[in-house]
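User: I am new to this structure. Please take a close look at one part, the nonpolar core, and walk me through what surrounds it.

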Amino acid sequence: MEKKPLYRKVNTRTHGVRHKVGGDFRHDRRSDNYDVIGMASKVQRGLDYTPLYKFLLSKVGQSWAPVYREAVARLDKEEPIFWLVSRTLDDGEDLVRVGESSYFNGLYIDDKGVLQVVAPEVTADSLEPSCNCCTHTLNGVVFSKKFAG
C-alpha cells in the first residue's frame with residue numbers, strides 16, 4: 001500500500017489566501033510575441049509541507065538514513081526537508097518560521113547519523129506571541145503565553 005504524500009495543497013477557498021493565480025498569460029496572449037510566451041505549465045502554487053515537518057519531528061532520535069529515504073519517496077522534491085533539517089548542529093536553527101505565525105523546532109543530524117532537535121528546551125510554553133491578532137503555534141501546539149504588547 002502506498003503511503004500518503006508528505007505535502008498537501010493549501011485551501012484556496014479560504015478568504016484572504018493569495019496564490020499568484022492568473023493574470024500572467026491572459027494579458028499577453030494577443031500580443032505580437034504570442035508564440036514565444038506560451039502558458040506556464042507545472043507551476044506549483046499553494047503547497048503546504050506541514051505533514052513533512054510533523055513526520056520529521058516524529059522521527060527524532062532515529063537513524064537519519066531511513067527517515068530521509070522515506071521522506072524523499074513521499075515528496076515532490078527534496079528541498080523542503082532541509083528547510084527544517086540541517087546537516088550539523090552549528091548550521092541548525094532553534095526555530096524555523098513557516099508562514100506568518102507557525103513555527104517548528106529546528107532539527108539536525110548528529111555525528112552518529114541520528115536526527116536530533118537543535119534546542120529541545122524551546123517549547124510552546126516558553127515562547128511569547130509577537131502580536132495579538134494571530135494564533136501562534138510551535139509544532140502545531142498553540143503558545144500558552146499571551147501577547148504582552
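Analyst: What follows starts with the core, then turns to the sheet beside it in the discussion, and ends with the pocket. The model is predicted.

In soluble globular proteins, nonpolar side chains tend to be buried together. Here the largest nonpolar core has 19 residues. Those with the most contacts inside it are L52, L56, W64, I81, L84, V85 and L107. Which elements give two or more residues to this core? They are α2, α3 (64–73), α4 (81–84), β6 (107–109) and β7 (115–117). The largest share, four residues, comes from α2.

Take L107 as one example. Leaving out residues up to four places away in sequence, L107 touches L56, L57, V60, L84, V85, S86, L115, Q116, V117 and V118. A second core is separate and has seven residues, including A124, L127, L138 and F143.

Now the sheet. Three strands form an open sheet, in the order β3-β6-β7. The pairing is mixed. β3 (85–86) and β7 are the edge strands, and each pairs on one side only. Between β3 and β6 the sense is parallel, over two bridges. S86 stands opposite Y108 in β6.

The largest pocket has a volume of about 450 Å³. It is lined by 17 residues, and D48, V98, G99, E100 and S102 are the closest to its centre. Two or more lining residues come from each of β2 (47–48), α2 (50–58) and β5 (102–105).

Conventions: Residues are numbered from 1 along each chain as its sequence is written. This is a predicted model: local features need pLDDT of at least 70, side-chain atom pairs count only at pLDDT 80 or more; totals for chains, interfaces and linings use all residues. Side-chain values use heavy atoms; hydrogens and water are left out. On a 1 Å grid over the protein atoms alone, a cavity is a set of points where a 1.4 Å probe fits but cannot get out, and a pocket is an open set with protein on both sides within 12 Å along at least five of seven lines; lining residues have an atom within 4 Å of a point. Grid points are joined across faces, edges and corners, and a volume is the space filled by probe spheres set on the points. A nonpolar core is a set of buried Ala, Val, Leu, Ile, Met, Phe, Trp, Tyr and Cys residues joined through side-chain atoms within 4.5 Å. Buried means under 20% relative accessible area, exposed over 50%, partly exposed in between (1.4 Å probe, protein chains only). Contact means heavy atoms within 4.5 Å. Two strands pair if DSSP finds at least two bridges between them.
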